[in-house]
Amino acid sequence: MFSLHVHKPLSATLRTLTLVHFSRTLSDVSNQKPSETTSFIHPTAVVHPDAVIGQGVSIGPFCTVGSSAKIGNACRLYPGSHIFGNTELGERCILMTGTVVGDDLPGRTVLGCNNIIGHHAVVGIKCQDMKYKTGDECFLEVGDNNEIREHTSIHRSSKSNEMTVIGDNNLIMGSCHIAHDCKVGNDNIFANNTLLAGHVVVEDYAHTAGATVVHQFCCIGSFSFIGGGSVVSQDVPRYVMVSGERAELRGLNLEGLRRRGFSMQEVRSLRTAYRNIFMPIGEGICLNGIC
């Protein structure tokens with residue numbers, strides 16, 4: 001005969017105390033500020049001995065840093081963030097909880113300085129393109145001072161002679177997608193759920209409203225604005241507004257031009273060019289009574 005010993009579950013009080021202690025531990029690590037010369041690595045983090053860690057780096061609980069990773073000075077990895085493959089982070093980058101940067105694929109992912117990668121964002125992984133062949137090198141380069149918010153996905157290129165590129169000072173809001181081989185310039189704003197298909201080019205100072213979809217190989221011109229819920233299947237000229245289920249021209253992006261410091265004379269010149277190129281004879285557009 002044998003007796004079966006059943007372990008009693010933890011009491012509610014003990015479970016509560018355990019969770020409180022664990023949450024305090026995570027909070028303490030998140031607030032940990034290493035000195036300018038020393039780095040902090042939590043005991044539960046898995047950091048490969050071949051990884052290059054800069055000075056003043058903070059790596060929180062349950063993080064993973066691969067063997068080919070290079071982390072610049074003063075970077076912060078919040079709990080549960082991961083760096084894989086041949087990936088380089090510039091100085092003062094922040095990876096929030098759940099972030100995945102890089103992939104164990106041939107090629108490279110490079111992030112510049114002062115980038116913030118939001119919760120559960122995925123940056124620099126394998127593309128979703130049937131043309132991609134296993135073993136091909138693929139690349140992603142991200143500039144400086146970008147804020148990439150939660151649940152965003154940015155993929156590497158589909159071929160070794162291509163590259164996905166993100167410039168500087170871009171705000172990419174939650175749940176956006178930037179596909180393989182896209183080229184994004186500087187100072188753009190992508191509102192939530194903006195989806196760029198492969199090979200899309202976005203110049204500078206463009207602004208998309210929420211739930212915008214851009215077809216592959218399209219070009220979005222500088223200082224343009226795309227209205228919410230639009231489907232863009234053709235190039236968007238510079239300085240204009242477009243919107244619609246199949247986006248159509250809606251005039252100049254007057255408010256965007258004003259915010260970017262265009263003078264009234266410059267706006268008049270753009271208005272004349274718009275009228276000559278896009279509007280039938282006899283029709284015009286006016287702003288505050290000035291045509």
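1. Terms and standing. Strands here are DSSP runs of type E with at least two residues, and helices are runs of H or I with at least four; both are numbered from the N terminus. The model is predicted. The points below move from backbone to strands, then to salt bridges, pocket and surface.

2. Serine with a positive phi. S175 sits in the loop that runs between β19 (171–172) and β20 (177–178). Its phi is near 65°, a positive value, and S175 is not a glycine. How exposed is S175? S175 is partly exposed, because its relative accessible area is 31% and that class lies between the limits of 20% and 50%.

3. Histidine with a positive phi. H199 also deserves a look. Phi of H199 is near 65°, again positive in a residue other than glycine. The loop that holds H199 lies between β23 (195–196) and β24 (201–202). Is H199 buried or exposed? H199 counts as buried, since its relative accessibility is 16% and the limit for burial is under 20%.

4. Leucine in strand β9. L89 belongs to strand β9, which covers residues 87–89. L89 is buried, at 2% relative accessibility.

5. Valine in strand β11. V101 is part of strand β11 (residues 100–101). V101 is buried, with a relative accessible area of 0%. In sequence, V101 and I125 are 24 residues apart. In space, their C-alpha atoms are 7.3 Å apart.

6. The whole structure has 10 salt bridges. Why can such pairs form? Side chains of opposite charge can pair when their charged atoms come close. In one of these bridges, K131 meets D129, and the closest N and O atoms are 2.8 Å apart. The pair falls within the 4 Å cut-off, so it counts as a salt bridge. K131 is partly exposed, at 43% relative accessible area. D129 is buried, at 14%.

7. Salt bridge of K183 and E162. The side chains of K183 and E162 also form a salt bridge, 3.8 Å from N to O. What does this pair tie together? K183 is in strand β21 (residues 183–184), while E162 is in the loop between β17 (153–155) and β18 (164–166), so the bridge ties together parts that are 21 residues apart in sequence. K183 is partly exposed at 29% relative accessible area. E162 is partly exposed at 28%.

8. A salt-bridge network. Salt bridges with shared partners join E147, R149 and E150 into one network. Within it, R149 bridges to E147, with 3.7 Å between the closest N and O atoms. R149 counts as partly exposed, at 35% relative accessibility. E147 counts as partly exposed too, at 31%.

9. The largest pocket. How much space lies in the largest pocket? It holds about 230 Å³. Its lining has 14 residues, and those nearest the centre are H207, F225, N253, G256 and R259. By class, the lining is made of 6 nonpolar, 4 polar and 4 charged residues. Which element gives the largest share of the lining? Helix α2 (residues 254–259) does, with 3 residues.

10. G221 lies in the loop between β27 (219–220) and β28 (225–226). G221 is buried, because its relative accessible area is 2%, under the 20% limit. H207, one of the residues nearest the pocket centre, is 14 residues from G221 along the chain. Their C-alpha atoms are separated by 10.0 Å.

11. I277 is placed in helix α3, residues 264–278. Is I277 buried or exposed? I277 is exposed, because its relative accessible area is 61% and the limit for that class is over 50%.

Terms used:
Residues are numbered from 1 along each chain as its sequence is written. This is a predicted model: local features need pLDDT of at least 70, side-chain atom pairs count only at pLDDT 80 or more; totals for chains, interfaces and linings use all residues. Side-chain values use heavy atoms; hydrogens and water are left out. Buried means under 20% relative accessible area, exposed over 50%, partly exposed in between (1.4 Å probe, protein chains only). On a 1 Å grid over the protein atoms alone, a cavity is a set of points where a 1.4 Å probe fits but cannot get out, and a pocket is an open set with protein on both sides within 12 Å along at least five of seven lines; lining residues have an atom within 4 Å of a point. Grid points are joined across faces, edges and corners, and a volume is the space filled by probe spheres set on the points. Ala, Val, Leu, Ile, Met, Phe, Trp, Tyr, Cys and Pro count as nonpolar, Asp, Glu, Lys and Arg as charged, and the others, Gly among them, as polar.
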